[in-house]
Amino acid sequence: MTVAVIQFGGSNCDRDAVRALHEVGVAAERVWHEDGLPEDSSGIVLPGGFSYGDYLRAGAMAGRAPIVEEVRAAAREGVPVLGVCNGAQVGCEAGLTPGAFTTNASARFQCEHAHLRVENSKTPWTQAFEAGEVISLPIAHGEGRFEIGEERLSELDDEGRVLFRYCDEDGNLTPAANPNGSTGAVAGLCGEDEHVAVLMPHPERATLPELGGTDGQGVLRAFA
């Protein structure tokens, strides 16, 4: 059983994702999108990058690629699916999760570390943490601002579907700690089922101690 890391034209975090999954003891392989999803896939990662050059808008073209229907079908069967950064944009475009990602409030590409507060520790992606715990993951995006209506966001909160929020190092939600201006400071959320999630920060870039942090391991252990 192997996690399939889907590679689109323009993906550039697929190798990082495979290496990070191996680091937490999970077998993983890159799968070219035109080759289809392997039948024995035990999990799916939609990795970061700039699929199709972000033409139209980030994730729009990849979110309509034929393999995405296979991803949806696998998700309906209970296969865990995680979209990271551009993969999060693809996931939203594909309807795996609600909301949308758009241009950062700064209108700049931002590459930095961000503090995240764990909102719900009872999902596969957050069970390694405590509710309210603050972790640190890198971000690297130009269109990472999560947008959704306030009423719908309230419903997602009530349903426990918001996984992480941007915060300061003490867990406070402040405008300064929200690097892209996301509605409700949302950094990651689940789809209708908790085994499907999207996350704008990069857990695969926070798995090796020599790279400055291992908080991402807790997210990726959902595939173990």
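This is a predicted model: local features need pLDDT of at least 70, side-chain atom pairs count only at pLDDT 80 or more; totals for chains, interfaces and linings use all residues.
Local features need pLDDT of at least 70 and side-chain atom pairs count only at pLDDT 80 or more, whereas totals for chains, interfaces and linings use all residues. Residues are numbered from 1 along each chain as its sequence is written, and side-chain values use heavy atoms, with hydrogens and water left out.

An open sheet of 9 strands, with mixed pairing, runs in the order β2-β1-β3-β4-β11-β10-β9-β6-β7; strands are DSSP runs of E with at least two residues, and helices are runs of H or I with at least four, numbered from the N terminus, while two strands pair if DSSP finds at least two bridges between them. At the edges stand β2 (28-32) and β7 (134-141), each pairing on one side only. Strand β1 (residues 2-7) pairs with β2 in the parallel sense over 5 bridges, and Ile6 stands opposite Val31 in β2.

The largest nonpolar core has 46 residues, of which Leu21, Leu82, Trp125, Phe164, Tyr166 and Phe223 touch the most other members; such a core is a set of buried Ala, Val, Leu, Ile, Met, Phe, Trp, Tyr and Cys residues joined through side-chain atoms within 4.5 Å. A second, separate core of 20 residues includes Val31, Ile44, Val68 and Val71.

Not counting residues up to four places away in sequence, His202 touches Cys13, Gly48, Val84, Cys85, Leu137, Pro138, Ile139 and Ala140, contact meaning heavy atoms within 4.5 Å.

Terms used: Buried means under 20% relative accessible area, exposed over 50%, partly exposed in between (1.4 Å probe, protein chains only).
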